[in-house]
Amino acid sequence: MSGLFISFEGPDGAGKTTVLEAVTKTVGAQLGDQLLVTREPGGNQISEAIRDIILNPENTEMDPRTEALLYAAARRQHLTETILPALRQGKVVLCDRYVDSSVAYQGAGRQIGEQAVYDMNTFATNGLLPDLTLYFDVPSEVGIARIKAHRQDDVDRLDQEALAFHKLVRAGYLRLRDAYPERITTVDATQPLNTVIQTATDLVNQAIANR
Ligand SMILES: Nc1ncnc2c1ncn2[C@@H]1O[C@H](COP(=O)(O)OP(=O)(O)OP(=O)(O)O)[C@@H](O)[C@H]1O
Ligand SMILES: [Mg+2]
């Protein structure tokens with residue numbers, strides 16, 4: 001059986017991590033060790049070290065292209081150490097964020113060029129894109145309000161950015177969705193959490209059944 005690669009994408013507070021946890025429980029019950037759930041930087045030493053540099057609040061002077069290159073480097077290592085071996089073993093891989101996050105956050109949000117960031121990530125990933133991407137769509141105000149309400153302790157450098165930045169990010173995601181309609185499926189993440197979880201679970205199960 002061939003592997004299956006599914007990414008979860010969307011702006012901050014869309015519900016990716018919460019939904020992924022719920023999906024993992026149901027899908028994991030069927031697949032057992034044939035399911036790998038991961039997120040960048042993925043727990044490997046090199047990517048974690050890179051991530052520490054990116055998210056260190058003292059690094060406020062980081063150039064946007066430096067940031068984009070570091071994310072791509074961390075992604076590369078996570079891909080080669082974690083994702084590719086699992087896919088080669090025929091596993092289903094669910095990943096919290098991947099290339100689209102860089103296109104939306106660095107390309108659109110930091111305005112260094114969505115195509116340039118996409119192309120740089122094509123080099124980093126050797127062109128490996130997910131078989132399916134679930135894009136959790138919420139207006140920026142909703143996503144930010146959720147983060148503020150539930151995760152006051154989790155304020156990293158990116159969460160301190162203004163609403164304007166989040167709006168650019170969402171616009172970037174919407175352009176990606178329009179550019180890659182076959183890969184990217186939109187989930188309306190403003191719906192009640194249980195509805196979003198059910199929709200995402202159905203889409204993942206469908207992809208598993210069709211692989
Ligand atoms: N559909 C929903 N309705 C209401 N609250 C939600 C919904 N989805 C998620 N939440 C809540 O919003 C908060 C943010 O969710 P979560 O951390 O899963 O988002 P995320 O997309 O992973 O964000 P980030 O990109 O910052 O990691 C959580 O407290 C979660 O319980
Ligand atoms: Mg998350």
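Ligand 1 is surrounded by 18 residues, of which Lys-16, Thr-17, Thr-18, Arg-97 and Gln-191 are the closest. The model is predicted, and the unreviewed UniProt entry places the feature "binding site" at Gly-10, Pro-11, Asp-12, Gly-13, Ala-14, Gly-15, Lys-16 and Thr-17.

**Polar contacts and cover of ligand 1**

- An oxygen atom of ligand 1 lies 2.5 Å from an N or O atom in the side chain of Thr-18, while a polar side-chain atom of Thr-17 is found 2.8 Å from an oxygen atom of the ligand.
- Gly-13 takes part through its backbone, with an N or O atom 2.9 Å from an oxygen atom of ligand 1.
- On its own, ligand 1 has 640 Å² of accessible area, and the protein covers 82% of this.

**Make-up of the shell**

- Seven nonpolar, six polar and five charged residues form the shell around ligand 1.
- At least two residues of this shell come from each of α1, α6 (140–150) and α8 (193–210).

**Two glycines of the annotated site**

- Gly-10 belongs to the loop between β1 (4–9) and α1 (16–31), and Gly-10 counts as buried because its relative accessibility is 0%.
- Apart from neighbours within four places in sequence, Gly-10 is in contact with Lys-16, Arg-97, Tyr-105, Tyr-135, Phe-136 and Tyr-173.
- Gly-13 also lies in the loop between β1 and α1, and Gly-13 is buried because its relative accessible area of 18% falls under the 20% cut-off.
- With neighbours within four places in sequence again left aside, Gly-13 is in contact with Gly-143, Arg-146 and Ile-147.

Notes: Residues numbered from 1 in each chain as written. Chains lettered and ligands numbered in written order. Predicted model: local features only at pLDDT ≥ 70, side-chain atom pairs only at ≥ 80, totals over all residues. Heavy atoms only, no water. UniProt positions renumbered as here; feature names shortened; annotations may be inferred. Helix = DSSP H or I, 4+ residues; strand = E, 2+ residues; numbered from the N terminus. Buried < 20%, exposed > 50% of the residue type's maximum accessible area, 1.4 Å probe, protein only. Contact = heavy atoms within 4.5 Å. Near = heavy atom within 4 Å. Polar contact = N/O pair within 3.5 Å; in protein donor to acceptor, adjacent residues only side chain to side chain. Areas by Shrake-Rupley, 256 points an atom, 1.4 Å probe, with all protein chains shown as cover. Nonpolar A, V, L, I, M, F, W, Y, C, P; charged D, E, K, R; others polar.
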